[in-house]
Amino acid sequence: MTLRVPKAELPAELEENLIKQVGKVPEPFAVLWHNPKLAEANQEFSASAATWDAADASLKTFAHMAVAAQVGCSWCLDINYFLALHQELDLTKASQVPRWRESEVFTPLERDVLEYAEAMTVTPSAVTDELSASLLDRLGPAALVEITAFIGFANMAARCNTAHGITSQGYSEACPIPLAARSADFGTAPTA
């Protein structure tokens, strides 16, 4: 897939800062820079979300990766796996998110969060009262609200990236464990 919106030319200082932070200019930022106010607001929200601490970082990262796998955003999978490495999260688990249903590495809570991310991502939403109540009991309201907002933002980012034709930039190549391929049934809506 090729970019459907060309990269904008960034101010030199901004480009240098992004390269210092993550090694290269992230394509989503370069595309969004056609509207600098939007690009800056997106960056500010991302930075703010990174400071939220009511929910475990691994749960949020795995949830974002689950959304990315379901929507087909290889860029989001790539960068989140790279970030998992730098946040010192469990890379074995992070590598298995695209095939979480078949993998045996996840705890029951992690599985429920991945299911929740998936259920929020399908259209129409498939979040059940039972799943929500179970997570509320185990996480508490602050963490559940945080994870829900994080998944909502992940959906926005993944859907924008795929609509713009943005794909992996190779960030995850720095990770010692290869990212698992997405399973065939990943992201299918639960049947009643």
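Reader: In which loop does E88 lie?

Author: The model is a predicted one. E88 lies in the loop between α5 and α6, the latter spanning 91–96. Its backbone deserves a note: E88 is not a glycine, although its phi is positive, at about 60 degrees.

Reader: Which peptide bond is cis?

Author: The bond from T123 to P124 is cis, and its omega is near -5 degrees. P124 is found in the loop between α7 and α8.

Reader: How should I read the packing of two helices?

Author: Two packed helices are described by the angle between their axes and the distance between the axes. Take α4 and α7 (residues 108–121): their axes come within 9 Å and cross at roughly 40 degrees. That angle makes α4 oblique to α7, since angles under 35 degrees would count as roughly parallel. The crossing of α4 and α7 is right-handed.

Reader: Which residues of α4 and α7 meet?

Author: From α4 come L59, F62, A63, A66, V67, Q70 and V71, and they meet L109, E110, V113, L114, A117, E118 and T121 of α7. Sorted by class, this contact of α4 with α7 has ten nonpolar, two polar and two charged residues.

Reader: At roughly what angle do the axes of α7 and α8 cross?

Author: The axes of α7 and α8 (residues 129–139) cross at roughly 135 degrees and come within 10 Å. Helix α7 is therefore oblique to α8, because only angles over 145 degrees would count as roughly antiparallel. The crossing of α7 and α8 is left-handed. On the α7 side the contact is made by P108, L109, D112, V113, E115 and Y116, and on the α8 side by L131, S134, L135, R138 and L139. By class, the contact of α7 with α8 has seven nonpolar, one polar and three charged residues.

Reader: What volume does the largest pocket have, and how many residues line it?

Author: The largest pocket has a volume of about 990 Å³. Its lining comprises 33 residues, and S46, W75, I79, L83 and F153 lie nearest the centre. By class, the lining has 22 nonpolar, ten polar and one charged residues.

Reader: Which helix gives the most to the lining of the largest pocket?

Author: Helix α3 gives the most, with seven residues. At least two lining residues are supplied by each of α1 (12–22), α2 (27–32), α3 (36–51), α4 (57–71), α5 (74–86) and α9 (141–163).

Definitions and conventions:
Residues numbered from 1 in each chain as written. Predicted model: local features only at pLDDT ≥ 70, side-chain atom pairs only at ≥ 80, totals over all residues. Heavy atoms only, no water. 1 Å grid on protein atoms, 1.4 Å probe; cavity = no way out; pocket = protein on both sides within 12 Å on 5 of 7 lines; lining within 4 Å. Points joined across faces, edges and corners; volume = space filled by probe spheres on them. Helix = DSSP H or I, 4+ residues; strand = E, 2+ residues; numbered from the N terminus. Nonpolar A, V, L, I, M, F, W, Y, C, P; charged D, E, K, R; others polar. Axes fitted to C-alpha atoms, helices over the stretch in contact; angles between N-to-C directions. Parallel < 35°, antiparallel > 145°, perpendicular 65-115°, else oblique. Left-handed = near helix turned anticlockwise from the far one by under 90°. Contact = heavy atoms within 4.5 Å.
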